[in-house]
Amino acid sequence: MLGLTKKDFTLFVVVIVMVALAPFLLNPFPQGSSLAQMFNAGYPDLMQRFVIFGILVIGFNILFGLTGYLSFGHAAFLGVGSYSAVWMFKLLGMNVIPGILLSMVVAGIFALAIGYVSLRRSGIYFSILTLAFAQMSYNLAYSVLGNPSSNFNLTNGETGLQLLLTDPRILGQSTTPDGSLPVTNFFGIAMRDSYELRLGDWLFTFNAGYYLCGIIMLISFYISIRIFRSPFGMMLRAVKSNQQRMNYTGLNTKPYTLAAFVISGVYAGLAGGLLSSMDPLAGAERMHWTASGEIVIMAILGGVGTLIGPILGAGFNEYFKNILSKINDSVLHQWLGFLPDGIEDFLVTIIHPFVGKGWHLTLGLLFMIVIIFLPGGLVEGGKRLGGMITGRTRRSAKAEAKQRNHPAE
Amino acid sequence: MGILEVKNVNKRFGGLQALGDVNLSIAEHSVHAIIGPNGAGKSTLLNCLVGKLMPDTGSVLFDGQSVLGRKPYQINQMGISRVFQTPEIFGDLSVLENMMIPCFAKRDGSFGLNAMTNMLKDREIVERAEHMLEEMNMADKRHMHSASLSRGDKRRLEIGMCLSQEPRLLLLDEPTAGMARADTNNTIDLLKQIRDQRDITIVIIEHDMHVVFSLAERITVLAQGTPLVEDTPDKIKGHPKVREAYLGETQAA
Ligand SMILES: Nc1ncnc2c1ncn2[C@@H]1O[C@H](COP(=O)(O)OP(=O)(O)OP(=O)(O)O)[C@@H](O)[C@H]1O
Ligand SMILES: [Mg+2]
């Protein structure tokens, strides 16, 4: 079906259902309850981030998961895509499609140039080269190309690139009739438009922007499945496995790695374009090396080289980042209120550095735990859990082996 | 003129003359062995043929065309395949995938951006790969992880991968090194079968005299980077210079 094997098709359908029903799945607690405040994640901006970062990591995984080349500068493409899209909204109009297309094209060109140079080396040297390029891009965006008083102000430096009432927007309007900034839209459907469904105490939000990003993520995911199963994908895995044998088998590894690099750069550019489409503001911090590091972390967290891993890794990272940064001392006191005062204060003091602004710390610990106990990431965790629940690890392993004997179906 | 013509090839590593004025002519459809003591320059010579090393002087012609200055993948596409001293296969891939890769390289060339089709639906390639695995007696192992194969099977797979490209010249660097007797004999049988059934020229570097004398039609003895003699196996066996330089050594060992 759709050119996918049965197994891949099932996976694809599961992801479609998850994306479609996310507003329900992510809002399990009734509106207004304290649990909802903390654990519900069915808000438009958060759901948008889930799928947009999903796209980013899916693309990253095509490079890192298949070829083993660890790029430490992928945030550069995310940032380039973000700026490109905002420029489209400034110059052309507020329809998101030109912005998204341009973000992919520009990121692709950047990836071609950076990849061409960086791929002359492999291993750690490749990673360092990509990191250096990304930091250069960051600095260019932050200062050199972003001086607000110069005539050539591409990025608007520290403040970030934003929409102005004086922008030309030749295909649209510079300002709305009531004198404010127009909003991003998809052929008239505003990205921030939402439909709210109230069921008893529960409130579910269906946001136009989220569904646009969701559909684009599904297309991206589908393409990545096709790449994984294609001869091209196999060649990328061969690059990771043994470049020497590849060369002596008449295959030129360079264009393979470069193509993978550009494809993953285009994915990152697309993600950047979507971020700007949801919120037309692009800042240099999106290109910072910590952002590149986060992409690597999300990929490893989910499970490198697996199909679903990138989506899980991105979701896990964004979800916990969101929860942890919301927890503050008063929330902690509320939770631990049942304890004697002395113990309560003591525990709050201990937990304090790990939450709120300290969310990095907890996420770092979670990352370490996953790497040490689940080297295959969340995907491996899911497999083990599934095995424990059904208690049929052996049988399913056998079935899997059987299935691999008839891979053509 | 032979299919491979090596003329006046010299290669220095710093002060060491690894190859000194090597002249070699390999006749098409023959099995030609290169023997010599450790450090004689055998692997260096092979590396000069496949683009891994660039000789300092001299020329290497394959089928009348120079191979010097070309990249390994280009030389392979000309029709030269190489088997390594330790088997070089794609350890992370299944046996079938290992075999499919050279089939793709043979049909589609050095690069193909075929990213949207399912590789297992490419009947032509899959059939070719499976056929080759059957020929190598490995069809039952086709879904195994190739890293988990035995050393002998890895070697068979590697040879099969090279053959699936239908090379005109097959270069083998000590294909039985580190193998048990049984595996060595299997490899000899396999190479004999290849020699007899295929339209191919084989150059083999080998330390094991049993392997050399059961396969080769001509033998070149290399010592200190220079060919000492070249002749038929029978003549080589009796050659005083060779006994002194090489065979005596192995018999004593
Ligand atoms: N890349 C290199 N750099 C420097 N010296 C080298 C290099 N490769 C080989 N040599 C030297 O050149 C000489 C010939 O080496 P080569 O590997 O060709 O010998 P060989 O005949 O294959 O030996 P063996 O039977 O041990 O495989 C040796 O003295 C070796 O140390
Ligand atoms: Mg050698």
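Glu294(A) is partly exposed, with a relative accessible area of 21% (partly exposed lies between buried, under 20%, and exposed, over 50%, with a 1.4 Å probe and protein chains only). In this predicted model, local features need pLDDT of at least 70, side-chain atom pairs count only at pLDDT 80 or more, and totals for chains, interfaces and linings use all residues. Residues are numbered from 1 along each chain as its sequence is written, chains are lettered from A in the order in which they are written, and side-chain values use heavy atoms, without hydrogens and water.

Lys321(A) forms a salt bridge with Glu294(A), the closest N and O atoms being 2.8 Å apart (a salt bridge is a side-chain nitrogen of Lys or Arg within 4 Å of a carboxyl oxygen of Asp or Glu). The pair links distant parts of the chain, with Lys321(A) in helix H12 and Glu294(A) in helix H11, 27 residues apart (helices are DSSP runs of H or I with at least four residues, strands are runs of E with at least two, and both are numbered from the N terminus). Lys321(A) is buried, at 14% relative accessible area. A salt bridge also joins Lys321(A) to Glu318(A), with the closest N and O atoms 3.5 Å apart. Both residues lie in H12 of chain A, 3 residues apart, about one turn of the helix. Glu318(A) is buried, with a relative accessible area of 2%.

## Helix H3 of chain B

H3(B) has 14 residues, of which 11 are buried, so the helix is largely enclosed by the rest of the structure. Among the buried residues are Glu97(B), Asn98(B) and Phe104(B). The buried residues pack against helix H8 of chain A, together with H2, H4 and H5 of chain B. Just after H3(B), Gly109(B) takes a positive phi of about 85°.

## The interface between chains A and B

The contact (heavy atoms within 4.5 Å) takes 41 residues from chain B and 31 residues from chain A. The buried area is about 3,300 Å², and carbon and sulfur atoms give 61% of it (buried area is the accessible area, with a 1.4 Å probe, that two parts lose on being put together, summed over both). Phe90(B), Met116(B) and His143(B) supply 18% of the area that chain B buries against chain A, more than any other three residues.

Across this interface there are 2 salt bridges. Arg245(A) forms a salt bridge with Glu158(B), the closest N and O atoms being 2.7 Å apart.
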